[in-house]
Amino acid sequence: MKIILTLSIFLICFLKLGQSIIDPSQNDVMSDLLFDLYGYSKSQDPCYNNFVYCQNINSSSTFQTVISLSLGVPLQEYVITQDLTPLQNLSSLEVNEQIYLSLSFFENINKFSQLSTLIQHSLNLTIPDDTIFPESLQTISIYQPSVPLSRAFFESPIIYLYINEPLIGYSLPTLKNVNPYLENLEIPVTFYSGFPSNLSQAFPNLLYLDIYVKNDMNQNNYKNFSISNVGVFENLKGLDIEFTDGGNPQEFIITSFYLNVPVVEYLYIYGQGVIIDPSVGIIDLSYIKSKNNLNFQLEESSILNNCKGISLKLPEKTYFYSYYNTYSYECIDLSNLIYFNDEQNDYEQYLPNIDNAPLLEQIYIFGSVVVGDVPESYCRIKYLYLSYNQLNGTVPSCIQCLGGKKSGGMVLPNPLLNFNSTSEPYCPSFKIDQNYTNLVATDGTGKIIITGTNLGWVGTNGLTSIIANSKLAIPIPMGIGTNKSITVTFQNGEQRTFEYSYVPPFIKSYAVIEFGSNKYFTINGTGFDFDAPNNITINGQQIAFYNALGGGNNDGMIGLLFNELPNFETESKFTVSAFVGGQSSNEVTFYYFNSINITEEKLVLNNTGGSVDINGSFGTNNISLVSVSINGTICLVTSYTNSKLTIKYPSNQVGDNYVLTLNVGGYAVNLAVEYIQGGEITPSPTPSTDPPTPSTDPPTPSTDPPTTPSSSPTQSPGDDGSTSSTLSISFYLITLLLLVQQFI
């Protein structure tokens, strides 16, 4: 009996140890809350249900703490009056419909130091404007607010504020203070809510703005209202304005929004009720200069319904999307579009005229009342889809060339006169021009460019279109040497063989790189062998360097452990040449330096041009050996010592895709450069711990024979000898890691 009793006690203790035990300070409040909401037994562990998520307080504790609450619909309407502050590790709180947070909760909300997300599906009280939210709180979502919103929601350090489904009684506050934290804002606007016209000023760092306009005039007691904005959204990337799609919509002019978004990347307009300002007559968005191409979307919108001539102009390389609209293609200036998509357009018309749309690469028109012919000009479109419309004319020769089986997917089904799914290929105008590029890069990025008539869109061996039917590219694999050939089959079945050669090697610069305990000598240029060792001659001595790395937008780099090279004296001359694939390179005279480096990690320059100091270790006081360029444009060196130089730099467009190259006797290093709008130049004060990064710029010849390289590099075919504008500093670090692997 004693044995059984002992085993029973052991089993009970074992089971207890296997269960979670909630922090005692949280147990009472959670048990009471779950009992009131759902009738759960107060003896039940609060962590064991679908509404509560718990974790161990720490790795050594047997207690658990509440991390997240997602409270579903209760048995009846309920106001949470319990003191929730014992839930000190609460990071997420969601209360669903019929559950309301009390005023005392908001009075103590700053005590929740871990709270990052608050979601309320019902809000029926106005909290004080001086409510302080915890710094940890990043997201607030409010559904069905039926009271005026407090300024506290808009002036706290949250990042994401979403408001949805307003009820009578909801209104927006007057914004008095600037909030630099808010990045995403989603707000509904009604005839009773009011609208703050200083959004761009109140939220200078706002990135995404969604405005939902409830403009159905059939609503009870409806009164006309307006929305507008004063100022410019300097950082806004996305603007979404949606109107209630009612049968009796109030009309709005929203010029103050879409004409003040200089860097926006996404514009979406939905619903009936927005019109073009008749005093302007056109929405001109060509001023927008975003980092990425603009994505412009219209859906069930009235904005172009009654346009007279061109009414919408977009910035360069815009992607245009239209769904369920009724407008004439003559309303849109296509000159800057790269993509045109129109679906379910009920306006009867011909296909758009693309003669003045040189950037247009893709046309997708589907399910629209489009009639007539497919113009010959559409043959140049890289991606063409015109199915399920009402085209009842003829197709151009490029479509006939492929027949119904191969090109039917682009234009069928449509009631066309001269083309159907059984049409046989007919292509008497197929022609390949005799002249084509036959000198390609060795790194695998080279292409043979061919031109002609009705060449199709694609073919075998990777044949793709640059301009459909008239300019195609054949990718050439990595290799070296001359007298090569490749055979391709065109889309219409025609087969041709093209001859080509790889570019000869061309040496641009060198660098000495230390990585860990090893030291490497590297040469930069083009035309190197990426599959096998490269035969390099230094001061008459032939040395086998390893296969090249890099390529693409950057030049190739070949390297060798430094101790395998001849000994050099500082500032002594040495000559370098290469022999790759039976072709000789230029012979270049460099000056040897053990190390050249720049202290700054990055330069921030004024886009109007100016002067800047650059610090580092430059190896010599001989200014005639020194050249500086930014993306291949030479900068004037006005002052120089072996530790500091001053340059005058050119003006450039704002952007961070620039590279400064310092070349000292052929030894070249790169520095990332960003151009900003006006302001002072700000070189990075932090010294770089990275090894110097090799550059591709050749040394600049001088007129002083005793201190100048004896010969300057000769230009390789198809190479202007300048540094690529997309040259990446990080590319060389990655390349170095790959290089090191070869020596291990």
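**Figure 1. Disulfide of cysteine 47 and cysteine 54.** The torsion about the S-S bond of cysteine 47 and cysteine 54 is about -90 degrees, so this disulfide (a pair of cysteine sulfur atoms within 2.5 Å) is left-handed. The two sulfur atoms lie 2.1 Å apart. Both cysteine 47 and cysteine 54 are buried (under 20% relative accessible area; exposed is over 50%, partly exposed in between; 1.4 Å probe, protein chains only). The model is predicted: local features need pLDDT of at least 70 and side-chain atom pairs pLDDT 80 or more, whereas totals for chains, interfaces and linings use all residues. Residues are numbered from 1 along each chain as its sequence is written, and side-chain values use heavy atoms, without hydrogens and water.

**Figure 2. Disulfide of cysteine 307 and cysteine 331.** The S to S distance is 1.5 Å. Cysteine 307 lies in the loop between strands E15 (295-299) and E16 (312-313), and cysteine 331 in the loop between strands E17 (318-323) and E18 (332-333), so the pair ties together parts 24 residues apart in sequence. Strands (E, at least two residues) and helices (H or I, at least four) are DSSP runs, numbered from the N terminus. Cysteine 307 is buried, with a relative accessible area of 17%; for cysteine 331, also buried, the value is 2%.

**Figure 3. Disulfide of cysteine 379 and cysteine 398.** The sulfur atoms are 2.0 Å apart, and with -90 degrees about the S-S bond the link is left-handed. Cysteine 379 lies in the loop between strands E22 (370-371) and E23 (383-385), and cysteine 398 in helix H7 (residues 397-411), so the pair ties together parts 19 residues apart in sequence. Cysteine 379 and cysteine 398 are both buried.
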